[in-house]
There are 4 protein chains.
Amino acid sequence: MKKIGFIGLGTMGAPMAANLLKAGYEVTVYNRTASKCAPLVNQGAKQAASPKEAAASNDIVITMVSNDQSIEAVYDGSEGVLSGLKSGAIVIDCSTISPALVKQTAAKVQEREGSFLDAPVTGSSPAAIDGTLVFMIGGNADTLEKSRDLFEVMGKKILYMGPNGSGAVAKIAHNTIVGINNLALAEGFAIAAKSGLPVDSFLELVQLGSAGSKAAELKGRKIIEHDFTNQFSLALMLKDLKLASSLTDNSGIPAPMLNLAKSLFQAGQTEGYGDEDLSSVVKIYEAWIGQKIGDKQS
Amino acid sequence: MKKIGFIGLGTMGAPMAANLLKAGYEVTVYNRTASKCAPLVNQGAKQAASPKEAAASNDIVITMVSNDQSIEAVYDGSEGVLSGLKSGAIVIDCSTISPALVKQTAAKVQEREGSFLDAPVTGSSPAAIDGTLVFMIGGNADTLEKSRDLFEVMGKKILYMGPNGSGAVAKIAHNTIVGINNLALAEGFAIAAKSGLPVDSFLELVQLGSAGSKAAELKGRKIIEHDFTNQFSLALMLKDLKLASSLTDNSGIPAPMLNLAKSLFQAGQTEGYGDEDLSSVVKIYEAWIGQKIGDKQS
Amino acid sequence: MKKIGFIGLGTMGAPMAANLLKAGYEVTVYNRTASKCAPLVNQGAKQAASPKEAAASNDIVITMVSNDQSIEAVYDGSEGVLSGLKSGAIVIDCSTISPALVKQTAAKVQEREGSFLDAPVTGSSPAAIDGTLVFMIGGNADTLEKSRDLFEVMGKKILYMGPNGSGAVAKIAHNTIVGINNLALAEGFAIAAKSGLPVDSFLELVQLGSAGSKAAELKGRKIIEHDFTNQFSLALMLKDLKLASSLTDNSGIPAPMLNLAKSLFQAGQTEGYGDEDLSSVVKIYEAWIGQKIGDKQS
Amino acid sequence: MKKIGFIGLGTMGAPMAANLLKAGYEVTVYNRTASKCAPLVNQGAKQAASPKEAAASNDIVITMVSNDQSIEAVYDGSEGVLSGLKSGAIVIDCSTISPALVKQTAAKVQEREGSFLDAPVTGSSPAAIDGTLVFMIGGNADTLEKSRDLFEVMGKKILYMGPNGSGAVAKIAHNTIVGINNLALAEGFAIAAKSGLPVDSFLELVQLGSAGSKAAELKGRKIIEHDFTNQFSLALMLKDLKLASSLTDNSGIPAPMLNLAKSLFQAGQTEGYGDEDLSSVVKIYEAWIGQKIGDKQS
C-alpha cells in the first residue's frame with residue numbers, strides 16, 4: 001500500500017487525510033500547529049516533526065494549505081518538503097494558489113526527480129468528510145494515473161485539465177463565475193427590495209426561473225436572514241478574483257465583468273466584511289438602497 | 001364557467017389559450033394575424049374581429065404580446081380592449097413591459113371600472129404547453145383570488161408581488177440576474193478556453209461546483225457547440241436590461257453590474273447577434289480571445 | 001430693436017437677461033418667484049404676470065429653467081408660453097433637458113407657427129455675467145441667423161449642432177466627459193493618497209502632464225481642501241448621466257464608462273452628497289481608502 | 001564636474017544625455033545597439049562596452065530603458081550596472097517600471113553602498129530635447145539634493161514624491177488618469193458622431209467647456225482625422241494600467257474605472273491596435289457605432 005505524507009490539517013486537510021487512513025494507506029501527517037495531528041494519530045497516522053520529515057520516507061506527498069505564502073513556507077528551506085523529497089516521489093498540492101507558483105513549484109519538484117500535480121478542489125468541509133470533493137488536475141497525465149486511487153478515496157470526480165497550472169487556472173475561472181453570480185444575486189435582490197417586492201417570493205422566482213444558480217440556492221435565504229456566517233470568506237473570494245485579474249492580464253483577455261466584480265468585493269473588504277461569508281458583499285448594496293434585503297415592508 | 005377573451009396567439013399565447021379551453025372555459029380569441037386563430041377555433045374557441053370584440057362579452061381579458069408598443073396597439077383606439085371593456089371585468093397582461101406602462105394601463109382599466117393585473121411569466125414554450133409556467137403577479141390581491149383558477153390552469157406557481165407594476169419589476173429584476181449570470185459563464189469560458197483547458201471538463205466542473213447556474217445548464221453545452229438557436233433572443237435580453245437600467249435610475253439604485261452587462265449585450269447587438277440566442281454574447285469574448293470556446297486545442 | 005420675453009431668472013438666467021437689457025433690447029421678464037424680477041425691472045425690464053404674458057407681445061421668447069418638469073410647467077397650460085405665442089415668434093430654450101422633450105416642445109411651437117431652438121450653455125455664473133457663455137444650438141439654421149445677435153450678447157461662442165435636439169445631445173455628450181474625467185481624477189487621487197504620495201505634488205504633476213484636465217484645474221485643489229461648495233451639483237451631474245444612459249440606450253451605443261460613472265455618482269447620491277459639488281464623488285473613494293485625499297501623512 | 005554613466009539611448013535617453021553633455025558634465029554612454037552611441041560620442045561622450053563599464057568610473061549612473069525586463073538586463077549579471085558600481089555612487093532610473101522592481105533594485109544598489117532614485121518622467125521626445133521634462137522622484141531626499149543639478153538640466157520641474165517606489169507610483173497614478181480621460185473622450189465622440197453632430201464643433205465645445213483635457217487637446221483632432229501615429233502606444237498604456245491594477249490590488253483600493261479602462265484597452269490590444277497611439281482605443285467604439293468619428297454626415 002502506498003505511503004503518503006500529508007501536510008496541512010485544516011478543515012479540509014484533516015478529513016481528507018482521515019479518508020486516506022480509513023482506506024488503508026499509511027499516512028504520515030504534519031501540521032504547523034502540531035496539536036491538530038492528535039486525532040489523526042489516534043486513527044493510526046504517524047506524526048512528522050517537519051515537512052521534510054513528512055516527505056522523506058513516503059512515495060506521495062499531499063499538501064493542503066491556505067495560500068501562496070504557506071506553500072513557500074512548506075516547500076522551501078532546510079526543513080521543507082523539497083529538501084526531504086525521495087527520487088520518483090509524487091507531490092500533490094490541493095491548495096488554491098497562483099498558476100505561476102504552481103509552475104515554479106513543479107519545476108523545483110522535477111529538479112528533485114519528483115513529479116508534481118496541482119489539484120485544487122471544489123466542495124466544502126462536508127464534501128471533504130464524505131469523500132465527495134471534485135478535483136481539477138494539472139500535470140502529467142501518467143502521474144495522475146499513478147495516484148488516481150488516492151483521488152478516488154477523497155473525491156467523487158476527477159477532472160484532468162492539462163499540464164501543470166491547468167488545475168489552478170480551472171479553479172480560478174470557476175471562482176470568477178462564483179463571484180459574479182453572487183453579485184448578480186445581490187443586485188437582483190437590491191432591485192426587488194428597494195421596489196418593495198416580497199423578497200421571499202422573489203427568491204422563489206429566481207430559483208424556479210432561468211435566473212437560478214448555486215449562489216441563489218446556497219446564499220439566498222441566508223441573505224434574507226442576514227446570516228453571513230463564513231462558509232467561504234469574502235477575503236478569499238477577493239484573493240481569487242485578484243488571481244483571475246492577474247491571470248487575464250497576463251493572457252491578454254479582456255474581462256470587464258471580472259474586473260468590476262473584483263472592485264466591488266474590494267469595496268466589501270474595505271468596509272470590513274473580509275472575514276464574513278462572500279455573500280456579505282450584498283451589504284454594499286444594502287448601504288446604497290438604505291435598507292436590508294430582508295426588511296419587512298411596513 | 002368564466003368567459004375569457006384571449007389576445008395574442010404567439011408561441012406562448014396559443015398554448016396558454018389552448019389550456020384554458022381544455023379546462024372548460026369559454027374562450028374568445030383574437031390575433032393580429034387572424035390565421036393563427038384557426039387551431040384554437042378547431043378546439044372550440046370563438047374568434048373575435050378586434051381586441052374590442054374580444055373584450056366586449058367576456059368577464060376576463062388576457063393579453064400576451066411582445067412589448068410596450070404592442071400593448072398600446074391592443075388596448076387603445078376605437079377597436080381596442082379598453083373601448084369594449086365590461087364594467088367589473090378583470091384584465092390580465094402576461095407580457096413583459098415597463099412598470100410605467102403597467103401603471104398607465106391599470107389606471108385606464110380602472111377608469112372603465114375594470115381591474116388590472118400585471119402577470120408576466122417565466123418559462124419557455126414547453127412550459128406554456130404543459131401548463132407549468134411561473135407567474136409573478138402585480139395588482140389587487142382580491143382580483144388575483146378571483147382569477148386564481150385560470151392561473152392554476154396555465155402555470156405551476158403563482159407568486160404575488162404587490163400592487164400594479166410589481167409583477168413587471170419582479171420580471172425585470174429576475175432577468176437582470178439572467179443576463180449577468182450568462183456573462184459570468186461567458187467570461188469563465190473565455191478564461192478556460194484561452195488558457196487551453198478542455199472546456200467540456202470545465203463545464204462539468206462549473207455544474208458540479210458552486211459556480212453552477214441555470215445559465216450553465218441551459219447554455220453551456222450549446223456554447224461549446226456554437227449553437228445559438230434562439231430560445232430567448234439577445235435583443236429581448238438587451239431590452240429587459242434597458243428596462244432595468246431605467247428602473248434603477250428612477251429608483252436611485254446603483255447597479256454597476258447590470259449597467260456593464262447592458263453595455264456588453266449592446267455590443268453584441270451592434271455586432272449583429274440580436275436575433276440569436278442571448279448566449280451568443282459569448283461571441284464578443286470569442287472575438288477578443290481569437291478563438292471559439294469549443295475549438296479543440298492542437 | 002427686438003422685443004424679448006425672458007423666463008427663468010436663476011443664477012444663470014438673471015445675468016443673461018441683464019446683458020440683453022444692457023445691449024438695448026426690450027425685455028419682459030417672468031419668474032415663478034416674482035421677487036426675483038425686481039433687480040431687472042430696476043434695470044428697465046417690464047414684468048409679466050405669467051409665461052403666457054411674457055410670450056404674448058414679444059418676437060422672441062427665451063427660457064432658462066432647471067429640468068424637464070420645469071419646461072412643461074412653463075410651456076403648457078392656460079398660462080403657458082405656448083398659449084400666448086405670436087405667429088412667427090422664435091422660442092429659445094437654454095436649459096439642459098432631454099432630447100425627447102426638445103423635440104416635443106419644438107413640435108408644439110411649430111404648431112403655433114413659431115420656430116424653436118434648443119440652446120443649452122456651458123459656463124458657470126461668472127460666464128453668464130460676463131457674456132462669455134458657450135452655446136450649442138439645435139434647430140433651424142435660419143432661425144439661428146435671425147437670433148444670432150442675441151446669442152452674441154450673451155455668449156462668446158455659438159456652435160451650431162444640427163436639427164432640434166442636437167443642442168441637447170451635445171450638452172449631454174459634453175457632460176458625460178465631465179463626469180468621467182472627474183472620476184478619473186478621484187481615482188488617481190485615491191491611488192496617490194493611499195500610497196502616501198504628497199497630493200499637492202501629485203496634482204501639480206497631473207496638471208503639467210498629459211493627465212491634465214479642466215476637472216483637475218477646477219476641482220483638484222478644492223478636493224485636497226475638502227471644499228465641496230456647490231458649483232455644479234452631484235445631483236445635476238447624475239441627472240445628465242442618466243439622460244446620457246437613456247440616450248445611448250435609445251441609439252444603441254455601448255457606453256460602458258458612462259454607465260459605470262452613472263453607478264458611481266448614483267452611489268454618491270445615495271450617500272447624501274447630491275447637493276454638494278459633483279467633485280464630492282471623491283468621498284466614495286475616501287471611504288474606501290479610509291482617509292481623506294488631503295490628509296497629511298504622519 | 002560630476003562624471004555620469006548614461007545607459008539607454010532611445011528617443012528619450014539620447015537627448016537627455018546630450019543635454020547633460022552640453023551642460024558640461026563628463027558623460028559615458030552605453031546602448032545595447034552600440035551604433036546609437038556615435039552621435040553622442042561626436043558631442044564629446046565616452047563610450048562604454050557594457051553597463052558595468054558605464055558604471056565603473058562614474059559618480060552617477062542614469063538608466064532610461066523600456067520596461068521591467070530591460071531593467072533586469074541592464075542591472076544584473078556579470079556585465080551589469082551593479083557589478084561595476086562604485087561605493088557612494090548615485091543610481092537614477094528614469095524608466096517607468098513597477099514599484100516592486102524599484103524597491104528590489106534600490107535594495108541591490110544599497111547593498112553595493114550606492115543610493116537609488118526612481119525618477120520617471122512625463123513629457124515626450126520634444127520635451128526631452130528642450131530639457132523641459134517633468135520628473136517625479138522616489139528615494140532619499142538627500143540623494144535628490146546631491147543630484148538636483150542634473151535634473152535641472154534635463155527637466156523643468158522636479159517633484160519629490162517620497163521613498164523609493166513613490167516616483168513609480170506617481171507615474172502609474174498619473175497614467176491611470178490619462179487612460180480614463182482618453183476613454184471619456186472616445187465615448188463622448190461616439191455619442192456625438194452616432195447622433196449626427198458635427199464632430200469638429202463638438203471638439204471645440206469640449207475644449208471650451210468643462211470637459212476639456214490634455215487628451216482632447218492632444219488627440220481630439222487626430223481622432224477626427226483618423227491619425228493614430230504612435231506618440232505613446234496603446235500597448236504601453238495597457239502595460240501601465242495593468243501595473244495600476246496590480247498596485248491597487250496590492251494596496252486594497254477599489255478602482256472600478258481603472259479596471260474597466262484596462263479591459264477596454266485590452267480589447268483594443270486584442271483587435272491589433274497595440275502599436276498604434278493609445279487614442280486608437282476609439283476604434284473599439286467606431287466598430288460599435290458602425291461609423292468613423294470623422295465621417296461626414298450625408
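## Reading the model

Helices (H or I, at least four residues) and strands (E, at least two) are DSSP runs, numbered from the N terminus. This is a predicted model, where local features need pLDDT of at least 70, side-chain atom pairs count only at pLDDT 80 or more, and totals for chains, interfaces and linings use all residues. Residues are numbered from 1 along each chain as its sequence is written, and chains are lettered from A in the order in which they are written.

## Two loop residues with positive phi

Let's start with the backbone. Most residues other than glycine have a negative phi. D:E113 has a positive phi, near 65°, and sits in the loop between α6 (99–111) and β6 (115–118) of chain D. With a relative accessible area of 52%, D:E113 is exposed (over 50%; buried means under 20% and partly exposed in between, with a 1.4 Å probe and protein chains only).

In chain C, the loop between α11 (214–224) and α12 (234–251) holds C:H226. Its phi is also positive, at about 55°, although C:H226 is not a glycine. C:H226 counts as partly exposed, at 27% relative accessibility.

## Chain A as a whole

Chain A contains 14 helices and nine strands. Its C-alpha trace spans about 70 × 45 × 30 Å along the principal axes, and 62% of its 298 residues count as buried.

Contacts (heavy atoms within 4.5 Å) say something about the fold too: of those in chain A with a separation of 6 or more, 64% join residues 24 or more positions apart.

Terms used:
Heavy atoms only, no water.
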